[in-house]
Amino acid sequence: MSVGKTTFRNFPMVPRVVFGRGSFDQLGDILMSKRKNAEAPFIFLVDDYFENPDFLARIPVLFNDEVIFVSAEEEPKTQQVDALVNRIKNKFEELPSGIVGIGGGTLLDLAKAVSILMTNPGKAENYQGWDLVNRPALYHVGIPTISGTGAEVSRTTVLLGPQKKLGINSDYTTYDQVILDPELTKSVPKEQWFYTGMDCFIHCVESLKGTYINAFSKSYGEKAYDLCKEVFLGDLSEVESQDKLMMASWHGGMSIAYSQVGIAHAMSYGLSYLLGIKHGLGNCLVFQHLEHFYPEGVKLFHQMMEKHEVKLPTQVCADLTQNDFDILTDITFGMEALWENALGKDWRSKIEASQVQKLFQKI
Ligand code: NAD
Ligand code: ZN
């Protein structure tokens, strides 16, 4: 790279995508052309919410394919990825034909990480960071069953490791194929629908209001922002709402791919690391208090909460010690790009640890 010359990011997109209610049932045909041979199975990693005979009958299992149900109770961990990879490698002599992830952000991230670790040596924690993956991942397919995270389009897989919560950000992380079937989301409980949907809304606010914003990200972010307003403040039918939120998630993910998230995400990472609070809820807990930074977005967020009668937990940080707050602020300030996006290059002169601690104390 020559000095003074800007290098523009060259990032991957999902090359193939199907959209439509009931499109899940095309999975068998899609996988058929990717089967290497009868000995090279497909491994389906499925959210255990779907562990029932009806859904199992819809998974297009052939030959020695394997379905592994995984709980999404906790966010994915690097050790969990390593254990799954070892289990698959020990069982099959041949490398599988591919990995299919079916579920919310948790399962989508897990499946991406497993597909990377199937072809790259060592432990998952070694790849947490930016562009540390050297070899292409195994062919992987993502099928979201909740809308909001954008994990179906992003080039990251967020993992909780022994040292940190950080994504495996690489050109090989992105899915090779995605199936967007909004019908799969119809069973999502209301609170979960809200928290994960707000993840999308917050992606848009943080991307659009950030200093990294550009016409590319704006075009996707504005679309997703408007779709979220329709879904959460409009008067849509259930079908329309499911369809539109799935597309909002996609566009929100595309928006942050070429920009960055901001303060709610930086602080929510801390809550997740220290207290195990899940991403969507953590973002909501923080975002409700960020009116100083995102006035319009936070106002709409409160209207959405009111309309859907969502009550967020309170006193979440009430029993924390000063040491806990120090850990929270350290992790939060560690997310430098997010702060730079939110407040500009001189962000350190614009925010102090005591201000961040005060925000945490409100939660
Ligand atoms: P989730 O995957 O954690 O699932 C939340 C709950 O909903 C679980 O109990 C799950 O069993 C249940 N569920 C899933 N689908 C369902 C359905 N159709 N019907 C009923 N219940 C259903 O939720 P999420 O909010 O989608 O994902 C959060 C995760 O996504 C976090 O781990 C976060 O780090 C990650 N994330 C990743 C990215 C990325 O770009 N890779 C972006 C944002 C968030
Ligand atoms: Zn998010």
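Trainee: Of the 56 residues in the largest nonpolar core, which touch the most other members?

Mentor: Phe201, Phe287 and Trp339 do. A nonpolar core is a set of buried Ala, Val, Leu, Ile, Met, Phe, Trp, Tyr and Cys residues joined through side-chain atoms within 4.5 Å. Buried means under 20% relative accessible area, exposed over 50%, and partly exposed in between (1.4 Å probe, protein chains only). Helix α5 gives the most to this core, with 9 residues. Apart from this core lies another, of 39 residues, among them Ile99, Tyr127, Leu180 and Tyr220.

Trainee: What should I know about the model and its numbering?

Mentor: The model is predicted: local features need pLDDT of at least 70 and side-chain atom pairs count only at pLDDT 80 or more, while totals for chains, interfaces and linings use all residues. Residues are numbered from 1 along each chain as its sequence is written, chains are lettered from A and ligands numbered from 1 in the order in which they are written, and side-chain values use heavy atoms, with hydrogens and water left out.

Trainee: Which residues is phenylalanine 287 in contact with, leaving aside its neighbours within four places in sequence?

Mentor: Contact means heavy atoms within 4.5 Å. For phenylalanine 287 the list is Phe201, Ile202, Val205, Ala264, Tyr294, Gly297, Val298 and Phe301.

Trainee: Which residues coordinate the zinc ion (ligand 2)?

Mentor: Donors are N, O and S atoms within 2.8 Å of the metal (3.2 Å for Na, K and Ca); water is not among the atoms, so sites may look incomplete. Here Asp199 (OD), His203 (NE2), His265 (NE2) and His279 (NE2) coordinate the zinc ion (ligand 2), at 2.1 to 2.2 Å. Their spacing in sequence is D-x3-H-x61-H-x13-H. Histidine 203 belongs to helix α5 (residues 190-208) and histidine 279 to helix α9 (residues 279-287), so the pair ties together parts that are 76 residues apart in sequence. Both histidine 203 and histidine 279 are buried.

Trainee: What are the angles among the 4 donor atoms of the zinc ion (ligand 2)?

Mentor: Four donors count as tetrahedral if all angles lie between 85 and 135 degrees; four count as square planar and six as octahedral if opposite donors are over 155 degrees apart and all others between 65 and 115; anything else is irregular. The zinc ion (ligand 2) has angles of 87 to 167° among its 4 donor atoms, and its site is irregular.

Trainee: What order do the strands of the open sheet have?

Mentor: Strands of a sheet pair through backbone hydrogen bonds, either parallel or antiparallel. Helices (H or I, at least four residues) and strands (E, at least two) are DSSP runs, numbered from the N terminus, and two strands pair if DSSP finds at least two bridges between them. The open sheet has 6 strands in the order β1-β9-β6-β4-β2-β3, with parallel pairing. β1 (16-19) and β3 (66-70) stand at the edges, each with a single partner strand, so one side of each is left without a neighbour in the sheet. On average, neighbouring strands of this sheet are turned by 15° against each other, direction ignored.

Trainee: Where does helix α3 pack?

Mentor: Helix α3 (residues 78-91) packs on the sheet, where it touches β2 (42-47), β3 and β4 (98-103), and its direction makes about 160° with that of β3. Helix α4 (residues 105-117) also packs on the sheet, touching β2, β3, β4 and β6 (140-144), and its direction makes about 170° with that of β4. Such axes are lines fitted to C-alpha atoms, for helices over the stretch in contact, and angles run from 0 to 180 degrees between N-to-C directions.

Trainee: Are the residues on the two sides of β2 buried or exposed?

Mentor: In a regular strand the side chains alternate between the two faces of the sheet. In β2, Phe42, Phe44 and Val46 lie on one side and Ile43, Leu45 and Asp47 on the other, and all are buried. β2 is thus largely enclosed by the rest of the structure, with 6 of its 6 residues buried. β2 pairs with β4 in the parallel sense over 5 bridges, leucine 45 having glycine 101 in β4 as its bridge partner. With β3, β2 also pairs in the parallel sense over 5 bridges, and aspartate 47 stands opposite valine 70.

Trainee: Which way do the residues of β6 point?

Mentor: His140, Gly142 and Pro144 point one way, and Val141 and Ile143 the other; all are buried. β6 and β4 run parallel and are joined by 5 bridges, with glycine 101 opposite glycine 142.

Trainee: What is phi of phenylalanine 63?

Mentor: Most residues other than glycine have a negative phi. Phenylalanine 63 has a positive value, near 45°; this residue sits in the loop between α2 (53-58) and β3 and counts as exposed, at 57% relative accessibility.
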